[in-house]
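Please examine the sequence and the three-dimensional model shown here. A report on its features follows the display.

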Amino acid sequence: MKSLIPLFVLRILIGGFFFVVGFDKIMHPYQNFLYVVQAYQLFPEFLEEIVARIFPWMEFFLGLFLLLGLWLKWTLRSFLLIISAFLLMIAQALIRKLPIDNCGCFGGLFSSKIQHTFALDACLWVMVSLMLKHIVDTEKWSLDRYFLKTEK
């Protein structure tokens, strides 16, 4: 695939983004992200804490796997699911007109209005889909490709 931005570069950028955002959430008390989860009024109370504790770790490790190019098909499919969940969560908040000024998605790194985050997530969904569709270009300089060569 000929593109302006090679897909392996896109892989590094998106993987690095999720790695850093997940790391930032992990390094702060989970209650900070719990307040974000609660603001969306989507989960029962017992699930809110589970989501707040697990989700930053998922972002961190999936970002790391994407950065390294490890288990790429599985990682990209996982990202599609997660980003789809983000889109649904933000869409329901917008439809219900919940009073959320800052999406809270990026930990303490920066703030974003949920409308802007919805647009960003939609772009991320498209980019991850492209990487999955053109997996051979995405695998350039990846551990998956390295391990494939060493097995032969």
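## Overall architecture

This is a predicted model. The chain contains seven helices and zero strands, and its pattern along the sequence reads α-α-α-α-α-α-α. With a radius of gyration of 16 Å, close to the 15 Å that the globule rule gives for 152 residues, the chain is therefore as compact as a globular protein of that length.

Along the principal axes, the C-alpha trace of the chain extends over about 55 × 30 × 25 Å. Of the 152 residues, 41% count as buried.

## The largest pocket

The largest pocket has a volume of about 250 Å³. Its lining comprises 18 residues, and those nearest the pocket centre are Phe43, Val51, Phe55, Phe86 and Met89.

Three elements each contribute at least two residues to the lining of this pocket: helix 2 (30-39), helix 3 and helix 4 (72-95). Helix 3 gives the most, with six residues. By class, the lining of the largest pocket is made up of 16 nonpolar, no polar and two charged residues.

## The cavity

How many cavities of 30 Å³ or more does the structure hold? There is one cavity of that size, and the volume of the largest cavity is about 70 Å³. The elements that give two or more residues to the lining of the largest cavity are helix 1 (7-27) and helix 5 (114-133). Helix 1 gives the most to this lining, with four residues.

The residues that line the largest cavity are Phe17, Phe18, Val21, Lys25, Glu59, Phe86, Cys105, Phe106, Thr117 and Asp121. They divide into six nonpolar, one polar and three charged.

## Aromatic pairs and charges over rings

The count of aromatic pairs in the model comes to 14. Ring pairs join Phe19, Phe23, Trp57, Phe60, Phe61, Phe65, Trp71 and Trp74 into a cluster.

Arg53 is placed over the face of Tyr30, at 3.8 Å from the ring centre. Lys140 is placed over the face of Trp141, at 4.7 Å from the ring centre.

Met58 belongs to helix 3 (residues 45-68). The C-alpha atoms of Met58 and Val126 are 20 Å apart in space, and the two residues are 68 residues apart in sequence.

Ala119 lies in helix 5. Ala119 and Leu87 are 32 residues apart along the chain, and their C-alpha atoms are separated by 8.9 Å.

Terms used: Residues are numbered from 1 along each chain as its sequence is written. This is a predicted model: local features need pLDDT of at least 70, side-chain atom pairs count only at pLDDT 80 or more; totals for chains, interfaces and linings use all residues. Side-chain values use heavy atoms; hydrogens and water are left out. Rings of Phe, Tyr and Trp (its six-membered ring) pair if their centres lie within 6.5 Å; planes under 30 degrees apart count as stacked, over 60 as edge-to-face and the rest as tilted. A charge sits over a ring if NZ of Lys or CZ of Arg is within 6 Å of the ring centre and within 35 degrees of the ring normal. On a 1 Å grid over the protein atoms alone, a cavity is a set of points where a 1.4 Å probe fits but cannot get out, and a pocket is an open set with protein on both sides within 12 Å along at least five of seven lines; lining residues have an atom within 4 Å of a point. Grid points are joined across faces, edges and corners, and a volume is the space filled by probe spheres set on the points. Ala, Val, Leu, Ile, Met, Phe, Trp, Tyr, Cys and Pro count as nonpolar, Asp, Glu, Lys and Arg as charged, and the others, Gly among them, as polar. The radius of gyration is taken over C-alpha atoms; the globule rule is 2.2 Å times the number of residues to the power 0.38. Buried means under 20% relative accessible area, exposed over 50%, partly exposed in between (1.4 Å probe, protein chains only).
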